[in-house]
Amino acid sequence: MNATYKKETLPDPASEGNTYDNYTLQRDVEFCCDPLKGYYKKSSGWNYEQGKFVIVDQISYEGQTVIPIDFCPFCGQKIEYEDIDKPKKTRKRKK
């Protein structure tokens, strides 16, 4: 499964002169299985601060603790995260 996102660096409104990164998931994601697609339609499973799918671990009055995932919790397929603005790495062949 490929999850493509766009990374944006934005000014932080809470502190002058600082910035933060925002990772926006692109809409053309093809999920690896229907249970994962259904899970993320019902809950907010994308973390904009980390640029990964997450599962909520603990909820408290201060907020929630999330765990980023690299594999689908339903079918086990690896999730590849890719920034659409970053060029793909290519290996140079040795002569």
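**Notebook: cysteines and aromatic rings**

I looked up C72 and found a relative accessibility of 4%, which counts as buried. I note that the model is predicted.

Next I searched for disulfides, taking a pair of cysteine sulfur atoms within 2.5 Å as the test. The count came to zero. I checked C32, which is in no disulfide; its nearest cysteine sulfur belongs to C75 and is 3.5 Å away. I have C32 down as partly exposed, at a relative accessible area of 23%. C72 is in no disulfide either, with the sulfur of C33 the nearest, 3.6 Å away.

I then turned to the rings. The search of the whole structure gave nine aromatic pairs. For Y40 and F53 I read a distance of 4.9 Å between ring centres and an angle of 45 degrees between planes, so I logged the pair as tilted. Y40 lies in helix α1 (residues 34-42) and F53 in strand β4 (residues 52-60); the two are 13 residues apart, and the pair links distant parts of the chain. Both Y40 and F53 are buried.

F53 also pairs with W46: centres 5.2 Å apart, planes at 80 degrees, hence edge-to-face. I noted W46 as buried, with 8% relative accessible area. The value for F53 is 1%, also buried.

Which residues do the ring pairs link into a cluster? I listed Y5, Y23, F31, Y39, Y40, W46, F53, F74 and Y81.

Last, I looked for a charge over a ring. I found the charged end of K78 over the ring of F71, at 5.2 Å from the ring centre.

Technical notes:
Residues are numbered from 1 along each chain as its sequence is written. This is a predicted model: local features need pLDDT of at least 70, side-chain atom pairs count only at pLDDT 80 or more; totals for chains, interfaces and linings use all residues. Side-chain values use heavy atoms; hydrogens and water are left out. Buried means under 20% relative accessible area, exposed over 50%, partly exposed in between (1.4 Å probe, protein chains only). Rings of Phe, Tyr and Trp (its six-membered ring) pair if their centres lie within 6.5 Å; planes under 30 degrees apart count as stacked, over 60 as edge-to-face and the rest as tilted. Helices (H or I, at least four residues) and strands (E, at least two) are DSSP runs, numbered from the N terminus. A charge sits over a ring if NZ of Lys or CZ of Arg is within 6 Å of the ring centre and within 35 degrees of the ring normal.
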